Number of protein chains: 2
Amino acid sequence: MNSFIAKSARLRSTPFSERIDAYGVQSYTVYNHMLLPASFKGVVEDYEHLKKNVQIWDVSVERQVQVKGPDASNLTQLMTCRDLSKAKDHICYYAPIVDDKGKILNDPLIMKVASDTWWISISDTDVLLYAKGLAIGKNLDVEVTEPNVNPLAVQGPKSFDLMKRIFGEEILKMKFFHFNRFLFAGHKFLIARSGWSKQGGFEIYVDNDEKGLELYDALIQKGQDLNVRPGCPNLIERIEGGLLSYGNDMDIHDTPLECGLDAFVSFNPEIKYLGKTILEKQHKEGVKRCLVGLKLKMDKISITRFIPIYSGSKKIGELRSACFSPAFQCCLGIAMVDISEQNFSSTCNLSIDGREIMTEMTKLPFIK
Amino acid sequence: MNSFIAKSARLRSTPFSERIDAYGVQSYTVYNHMLLPASFKGVVEDYEHLKKNVQIWDVSVERQVQVKGPDASNLTQLMTCRDLSKAKDHICYYAPIVDDKGKILNDPLIMKVASDTWWISISDTDVLLYAKGLAIGKNLDVEVTEPNVNPLAVQGPKSFDLMKRIFGEEILKMKFFHFNRFLFAGHKFLIARSGWSKQGGFEIYVDNDEKGLELYDALIQKGQDLNVRPGCPNLIERIEGGLLSYGNDMDIHDTPLECGLDAFVSFNPEIKYLGKTILEKQHKEGVKRCLVGLKLKMDKISITRFIPIYSGSKKIGELRSACFSPAFQCCLGIAMVDISEQNFSSTCNLSIDGREIMTEMTKLPFIK
């Protein structure tokens, strides 16, 4: 059943909310206490459009936790299992935040935006409160705040052309996961070549509401012949691309190693972070469960809670995200399964929500 | 414009979600990463029903942050400005959580549920992460977890009759803001005489999904002649009752003293909590702004973000919550205003969203 979203000031608006409403958003989700569009013309139509054109996403919900001060680097490193000791001030680092048990609390991009200042561009949990607690508890000389920064993402194959029109040729030279500052209307915007799709694009960290709106309108206006549209992170596209979603595919009960994030877990003896000894032990002994992709022979699925997966009468894991994929012509799922049940060599029958489904288990991301 | 809510596992379901859907929830909000019904038959009809009958609310979103261990009392006291040193194990304490700047991070009920165990029954922020950060940072001997507890509220004037039918005469002897354990279907439920309405009632801390569903069905079944219905916290009823909502009426930018929560701020020299010296200073010097009630001569209002309030050309504050009140036959608002503009003796014209509105400023809660 479809229900409406009840708006209130607690579900914060963004500087772009009026535009989003005017363009006719169809559904919202809530992320970091803020409204995030979830569809405009329907998830399938939005998906088809995104893969061919360019969309402007209001992803203000990607809040920045700013850690600033003499101990900023210490605190930031303490919270993440990724080695940030050689972090450069023009590169974005995907860096899981973990607790003292090695469990994932968030999976942000982290950027060193000044010599004593870090931005943790968070997924959907209050990292601000974790950072505050640690800073207070350890008596660190830092200020932890949430600045008024509201990112816009420009995503899709035509995003490069559109961004060039606004910011000039220079922006095309920026490499993936790099960031720099670019001028528009007399204001320097921090822009990264990043975004939560596999279609290419940029994220603009809007730190000035008024200039941001001006930029939003310019992006729409200058992209008319590129078939630009307001858009949003797309369920189908992100699952096809194997982009993990914190709160869906992983949460506080999982470690980065169980989620296949080994590349972002440092065992460098010089690096000190919370939960490290536990992750070292898990790394040595091997994980007991892991995230896998599932290609499910079915033509429709909708997930609103983790669904147990059975092989015969044995529970082997749980399905956490899924959708029908037009590109793969089957349903794709992301599941946490017992490591002993991991099997990439043959298809099998799995029981999901009481239905026997012919399933092919694959590594993530999915490959066609 | 009305938009739908896009469901996903990240917006967690509750043990009662299937019932809620089956009974026809009209709109949802999201609270603590979880679905919270916001209306069933419309906010006005739900309100009228609540004031005369009894409703069963799925308030699973009131998550418990469990602090357990030898240092549990220390950590819990450190986080709140309320004096918990004499806390009894059968009383609920409304106790603002503050940071080292004296700013409010949450406004939970806190219960000492065992000699070494506290439940912090939170509003909409991840107190779990704050508590974890502090515990790790200060190296405290505690375990901080979110147990699988999903509260049901039974609210409305007929809630007493209904609860008596299920739990016996004994439950009526419990005083306001007291809690105890009561038996149903062989399971002992922690039940408090509390709830986020002024219509009277109880909150049942369901720690067993299966027994909880059985209880949910029993409450509906045994309340048929009492005109029982599924319900939810009601915008109109809570504003009329002057119940503050964290994220709406107050947030991380406010102190408890600015929000009129003086009764819950301890200046006892023996009590140690974060931000105390700042709150002491503010108490001594007096606050510069404060929450007030506004009776607005208008017949319709809807708030989705803070609305600036002007007196002439001077900005004097912001309106944070508001609704039309059938009981007061005007709109009621909760606003943060400059202390110099606080005026309970005469009506005045205030400019709200560009409209001049005849306004009466009052203390909270509203009195008819």
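Domain bounds, as used here, come from an automatic or database domain assignment. The structure described is a predicted model. In chain A, that assignment gives three stretches of interest: domain 1 covers 17-60 + 149-239, domain 2 covers 64-146 + 255-285, and domain 3 covers 288-368. The C-alpha centres of domain 1 and domain 2 of chain A are 27 Å apart. Where these two domains of chain A touch, 10 residues of domain 1 are in contact with nine residues of domain 2. On the domain 1 side, the elements that contribute two or more residues are strand E13 (179-184) and strand E14 (187-192) of chain A. The residues on that side comprise six nonpolar, four polar and no charged ones.

Chain A may next be considered as a whole. Its secondary structure amounts to eight helices and 22 strands. The radius of gyration of chain A is 21 Å, close to the 21 Å that the globule rule gives for 368 residues, and chain A is therefore as compact as a globular protein of that length. Along its principal axes, the C-alpha trace of chain A spans about 65 × 50 × 40 Å. Buried residues account for 50% of the 368 residues in chain A. The contacts within the chain can also be sorted by separation in sequence: among those between residues at least 6 apart, 65% join residues at least 24 apart.

The relation between the two chains follows. In general, two copies of a chain are related by a rotation about an axis and a shift along it. Here, a rotation of 180° with 0.0 Å of shift along its axis superposes chain B on chain A, with an RMSD of 0.0 Å. The two copies are thus related as by a two-fold rotation axis.

How many residues does each chain bring to the contact between chain B and chain A? Chain B gives 47 residues and chain A gives 47 residues. On the side of chain B that touches chain A, the elements giving two or more residues are strand E1 (4-5), strand E2 (27-31), strand E3 (34-39), helix H4 (127-137) and strand E19 (314-325) of chain B. The largest share of this side, eight residues, comes from H4(B). By class, the side of chain B that touches chain A has 19 nonpolar, 17 polar and 11 charged residues. Of the interface residues of chain B, 100% are also interface residues in chain A, so the copies meet through the same surface. Strands also pair across the two chains: strand E2 (residues 27-31) of chain A is joined to E1(B) by two bridges, and these strands run parallel. Within E1(B), B:Ile5 is the residue that stands opposite A:Tyr28.

Some details of the backbone complete the account. A cis peptide bond, with omega about -5°, joins A:Leu364 and A:Pro365. A:Pro365 lies in the segment after strand E22 (355-362) of chain A. In chain B, the peptide bond from B:Leu364 to B:Pro365 is cis, with omega near -5°.

Two residues other than glycine have a positive phi: for A:Asp353 the value is near 55°, and for B:His33 it is about 60°. A:Asp353 is found in the loop between strand E21 (347-352) and E22 of chain A, whereas B:His33 is placed in the loop between E2 and E3 of chain B. Is A:Asp353 buried or exposed? A:Asp353 is exposed, because 12 other C-beta atoms lie within 10 Å. B:His33, with 19 C-beta neighbours inside 10 Å, counts as partly exposed.

Conventions
Residues are numbered from 1 along each chain as its sequence is written. Chains are lettered from A and ligands numbered from 1 in the order in which they are written. This is a predicted model: local features need pLDDT of at least 70, side-chain atom pairs count only at pLDDT 80 or more; totals for chains, interfaces and linings use all residues. Two residues are in contact if their C-beta atoms, placed from the backbone, lie within 7 Å. Helices (H or I, at least four residues) and strands (E, at least two) are DSSP runs, numbered from the N terminus. Ala, Val, Leu, Ile, Met, Phe, Trp, Tyr, Cys and Pro count as nonpolar, Asp, Glu, Lys and Arg as charged, and the others, Gly among them, as polar. Two strands pair if DSSP finds at least two bridges between them. Copies are superposed by least squares on the C-alpha atoms of residues with pLDDT of at least 70 in both. The radius of gyration is taken over C-alpha atoms; the globule rule is 2.2 Å times the number of residues to the power 0.38. A residue is buried if 20 or more other C-beta atoms lie within 10 Å of its own, exposed if 12 or fewer, and partly exposed in between; C-beta atoms are placed from the backbone.
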